[in-house]
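Please read it alongside the sequence and structure shown here.

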Amino acid sequence: MKTLMILIKVFVIGALLIISNGNLALQDSTNREKFVDEYTIWLSQLFNHGVVVVGYVIGNEWLPNVAQNVSAG
């Protein structure tokens, strides 16, 4: 549930930043169309960057290379 709330907050903050940086008044239909275009571009870039990060994480070797030194005790 916490993860869902964090995602919703990120999406809402992103939308507010797009509206404020573009000086978009959403009462106007052309501004709404521009907002939808910018928001979908932002979402697709966010998804693409997430794919790159996940690919990098998957490609890394997470287990250390430890030489197996077994000494008789």
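The points below are grouped by topic, from helix packing to individual residues. The model is predicted. Helix H1 covers residues 2–21 and helix H2 covers residues 29–59.

**Helix packing**

- The crossing in which H1 passes H2 is right-handed.
- On the H1 side, the contact is formed by Val 10, Phe 11, Gly 14, Ala 15, Ile 18 and Ile 19.
- On the H2 side, the contributing residues are Phe 35, Glu 38, Tyr 39, Trp 42, Leu 43 and Leu 46.
- By residue class, this contact of H1 with H2 comprises 10 nonpolar, 1 polar and 1 charged.

**Nonpolar core**

- The largest nonpolar core has 6 residues in all, namely Ala 15, Ile 18, Ile 19, Leu 24, Phe 35 and Tyr 39.
- H1 makes the greatest contribution to the core, with 3 residues.
- Leu 24, a member of this core, is in contact with Ile 18, Ile 19, Asn 31, Lys 34 and Phe 35 when neighbours within four places in sequence are left aside.

**Loop between H1 and H2**

- Asn 23 is located in the loop between H1 and H2.
- The phi angle of Asn 23 is near 50°, a positive value in a residue other than glycine.
- The relative accessible area of Asn 23 is 67%, so this residue is classed as exposed.

**Asn 31 in H2**

- Asn 31 belongs to helix H2.
- Its relative accessibility is 18%, and Asn 31 therefore counts as buried, the cut-off being under 20%.
- Apart from residues up to four places away in sequence, Asn 31 touches Leu 24, Ala 25 and Leu 26.

**Leu 4 in H1**

- Leu 4 is part of helix H1.
- With a relative accessibility of 48%, Leu 4 counts as partly exposed.
- Leu 4 and Gly 55 are separated by 51 residues in sequence, and their C-alpha atoms are 22 Å apart in space.

Definitions and conventions. Residues numbered from 1 in each chain as written. Predicted model: local features only at pLDDT ≥ 70, side-chain atom pairs only at ≥ 80, totals over all residues. Heavy atoms only, no water. Axes fitted to C-alpha atoms, helices over the stretch in contact; angles between N-to-C directions. Helix = DSSP H or I, 4+ residues; strand = E, 2+ residues; numbered from the N terminus. Left-handed = near helix turned anticlockwise from the far one by under 90°. Contact = heavy atoms within 4.5 Å. Nonpolar A, V, L, I, M, F, W, Y, C, P; charged D, E, K, R; others polar. Core = buried A, V, L, I, M, F, W, Y, C linked by side-chain atoms within 4.5 Å. Buried < 20%, exposed > 50% of the residue type's maximum accessible area, 1.4 Å probe, protein only.
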